[in-house]
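I am opening my notebook to look up a few things in a model. My notes follow in the order in which I checked them.

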Amino acid sequence: MYKKDTKAQLELYKQTLATLLNDKGTIEWQIKKEQKFIAENSNHLGANSLKLFLEHVERLQNDLLYTEKRINFTKSRIEFYEYKTKFTNS
């Protein structure tokens, strides 16, 4: 029972990591898209609109930092469960 739980947790963390890496790529793409839009249209945007776009980019950057922290945590959990799986298989 214990060994199955460990393997299940390991698989769950691997799936979570794949999702987080996908999320990271999406956020990075959104940031680039918003920054390009701002660069191309900053002369045509009013001050309030420009401020809103910049705040949105800042929120995306914060989301990216949080996602990177979650990725690092998930990687450490995968390492732990891989070690635990090897230990329980011995």
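In which helix is Lys7 found? I found Lys7 in helix H1, where helices (H or I, at least four residues) and strands (E, at least two) are DSSP runs numbered from the N terminus.

Ground rules. I note that this is a predicted model, where local features need pLDDT of at least 70 and side-chain atom pairs count only at pLDDT 80 or more, while totals for chains, interfaces and linings use all residues. Residues are numbered from 1 along each chain as its sequence is written, and side-chain values use heavy atoms, with hydrogens and water left out.

I looked up the exposure of Lys7: at 40% relative accessibility, Lys7 counts as partly exposed. The scale runs as follows: buried is under 20% relative accessible area, exposed is over 50%, and partly exposed is in between (1.4 Å probe, protein chains only). Lys7 and Glu82 are 75 residues apart in sequence, yet their C-alpha atoms are 8.3 Å apart in space. Thr6 is in helix H1 too, but Thr6 counts as buried, at 2% relative accessibility. I listed the contacts of Thr6 (heavy atoms within 4.5 Å). Leaving aside neighbours within four places in sequence, Thr6 is in contact with Tyr81, Lys84 and Thr85.

Cores. Which residues make up the largest nonpolar core? I wrote down 7 residues: Leu10, Tyr13, Leu17, Leu20, Ile71, Ile78 and Tyr81. Helix H1 (2-41) and helix H2 (47-89) each supply at least two residues of this core, and H1 gives the most, with 4 residues. A nonpolar core here is a set of buried Ala, Val, Leu, Ile, Met, Phe, Trp, Tyr and Cys residues joined through side-chain atoms within 4.5 Å. Tyr81 touches Thr6, Gln9, Leu10 and Tyr13, not counting residues up to four places away in sequence. A second, separate core of 6 residues includes Ile27, Ile38, Val57 and Leu64.

Whole chain. I counted 2 helices and 0 strands. The radius of gyration is 20 Å, well over the 12 Å that the globule rule gives for 90 residues, so the chain is more spread out than a compact globule. That radius is taken over C-alpha atoms, and the rule is 2.2 Å times the number of residues to the power 0.38. The C-alpha atoms fill a box of roughly 65 × 15 × 15 Å along the principal axes. Buried residues make up 21% of the 90 residues. Among contacts between residues at least 6 apart in sequence, 80% join residues at least 24 apart.
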